[in-house]
Protein chains: 2
Amino acid sequence: MPSDAPVPSRVRASDELRQAALEQFATVGFAASSLQQIADHAGYSKSSVLYHYASKEALLEAAIGPSIDLLESLLGDFVAGGRSAAAQAVFIERFVDFLLGNRLAVHTFVNQGQSLRGLPVIERANTAIRGLADSICADDASLAEQMRFGVALAGATYTLVAGATFLDGDQQFADDDVRDALISVLSELLLTADGRPTR
Amino acid sequence: MPSDAPVPSRVRASDELRQAALEQFATVGFAASSLQQIADHAGYSKSSVLYHYASKEALLEAAIGPSIDLLESLLGDFVAGGRSAAAQAVFIERFVDFLLGNRLAVHTFVNQGQSLRGLPVIERANTAIRGLADSICADDASLAEQMRFGVALAGATYTLVAGATFLDGDQQFADDDVRDALISVLSELLLTADGRPTR
DNA sequence: GCAGGAGCTGACCGATCGGTCAATTACCGT
DNA sequence: ACGGTAATTGACCGATCGGTCAGCTCCTGC
């Protein structure tokens with residue numbers, strides 16, 4: 001028997017459908033993605049989609065839920081680990097890696113986190129994002145500092161996530177280079193290190 | 001005659017409908033906004049919407065087109081004015097003012113610029129955004145510098161635009177303060193001034 | 001060889017979509 | 001008082017939406 005995977009062997013239909021759904025949700029939006037389109041894109045029928053996933057909303061949960069789990073654990077580690085400059089540097093690195101490894105899912109719940117309010121999985125994502133902002137930005141920070149954090153996180157997220165939108169054609173940058181550049185810019189903006197420059 | 005406006009006096013129905021549509025497009029998305037919802041929100045019937053605007057797409061054009069015009073002229077001025085540090089500082093200020101004055105429209109075409117590809121008005125917005133990135137970022141810039149520009153522009157845009165998403169409840173910051181803080185952060189990131197620090 | 005379950009599908013459902021149209025109302029200059 | 005135009009609306013259209021259901025094929029354990 002050539003199969004080396006214990007249970008499913010071959011690619012599982014539910015995985016193909018989940019991936020196709022994720023691509024649709026990220027590129028045309030949840031509301032504008034029909035089950036028919038997702039099914040066509042994956043090579044199945046609409047009924048098959050609803051066989052593997054109870055509803056369109058359950059499909060969204062399956063598509064972006066795991067990425068939200070990762071974000072939550074990332075956030076939990078950071079909160080538990082203190083706010084030393086070293087800890088912040090580690091966090092920035094892990095955060096960039098998270099962005100690079102979950103572009104489609106992040107694109108989905110960042111760009112549509114407002115319009116899809118009410119869906120449980122989206123509420124979970126919004127809560128995590130808010131926790132991220134709160135934890136990395138001290139409560140007593142000045143507006144300018146809060147703005148610095150906001151610009152850094154939102155800018156990094158959006159640059160990676162929407163980069164595909166405006167420069168998809170000639171995007172031949174290696175992920176490693178993008179990673180290094182992004183970590184550099186974020187460190188510059190976020191690291192409090194040894195006292196903030198007066199400016 | 002108490003009317004002081006030459007032609008319409010009172011609020012015009014088409015303006016109310018356009019504003020209601022803009023709010024819907026920005027908050028729940030173009031695809032998820034039905035003409036019925038927009039009409040209800042403005043206090044008219046769906047037929048009235050289609051009387052004042054030929055189609056849903058024409059309504060989008062009316063809602064965000066003027067803001068795109070502003071962005072285009074802003075970009076044109078900057079391209080024509082050179083890239084001196086002073087010119088860049090002026091541009092940053094005007095750009096932040098543009099963001100503050102066109103939040104809903106910017107939210108709409110930034111967040112949905114990818115999913116709504118194909119609509120002429122959206123193509124115009126995407127072209128303007130691309131031109132913005134190209135013009136402010138020299139062609140020979142390193143990846144790290146390009147990333148700095150991307151993070152700054154995207155971060156500023158998204159911070160203002162999606163601020164409502166995650167901290168709408170307690171958003172009592174005065175626009176003037178936000179403006180100053182944002183200009184400060186953007187200047188810090190973008191101004192090439194007298195030679196870039198080695199870093 | 002065959003019962004039975006998993007995987008998959010087409011037909012169908014009520015609701016809603018964007019859009020058309022004819023009819024009605026309100027308001028204007030003459 | 002009246003004709004005409006702008007504004008507004010409900011009824012209606014075909015298409016598509018998310019979702020249900022019965023039935024089909026295929027594989028597997030016995």
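Tutor: Happy to! One term to begin with: contact means heavy atoms within 4.5 Å. This is a predicted model, where local features need pLDDT of at least 70 and side-chain atom pairs count only at pLDDT 80 or more, while totals for chains, interfaces and linings use all residues. Residues are numbered from 1 along each chain as its sequence is written, chains are lettered from A and ligands numbered from 1 in the order in which they are written, and side-chain values use heavy atoms, with hydrogens and water left out.

Student: Okay, what does Phe149(A) touch?

Tutor: Not counting residues up to four places away in sequence, Phe149(A) touches Ile136(A), Cys137(A) and Leu190(A). The C-alpha atoms of Phe149(A) and Leu189(A) are separated by 7.4 Å, though these residues are 40 apart along the chain.

Student: And is Phe149(A) buried or exposed?

Tutor: Phe149(A) is buried, with a relative accessible area of 7%. Buried means under 20% relative accessible area, exposed over 50%, and partly exposed in between, using a 1.4 Å probe and protein chains only.

Student: Which helix is Phe149(A) in?

Tutor: Helix H8 of chain A, residues 143-167. Helices are DSSP runs of H or I with at least four residues, strands are E runs of at least two, and both are numbered from the N terminus.

Student: Now the DNA. How many residues surround DNA strand D?

Tutor: 15 residues, and the closest include Lys46(A) and Ser48(B). A residue is near a strand if one of its heavy atoms lies within 4 Å of it. Sugar and phosphate make up 51% of the atoms of DNA strand D that come within 4 Å of the protein.

Student: Which element gives the most to that surface?

Tutor: H3(B), with four residues.

Student: What about Ser48(B) and the phosphate?

Tutor: An N or O atom in the side chain of Ser48(B) is 2.6 Å from a phosphate oxygen of DNA strand D. For Ser45(B), a backbone N or O atom lies 3.0 Å from a phosphate oxygen of DNA strand D.

Notes: A polar contact is a pair of N or O atoms within 3.5 Å; within protein, one must be able to donate a hydrogen and the other to accept it, and residues adjacent in sequence count only if both atoms are side-chain atoms.
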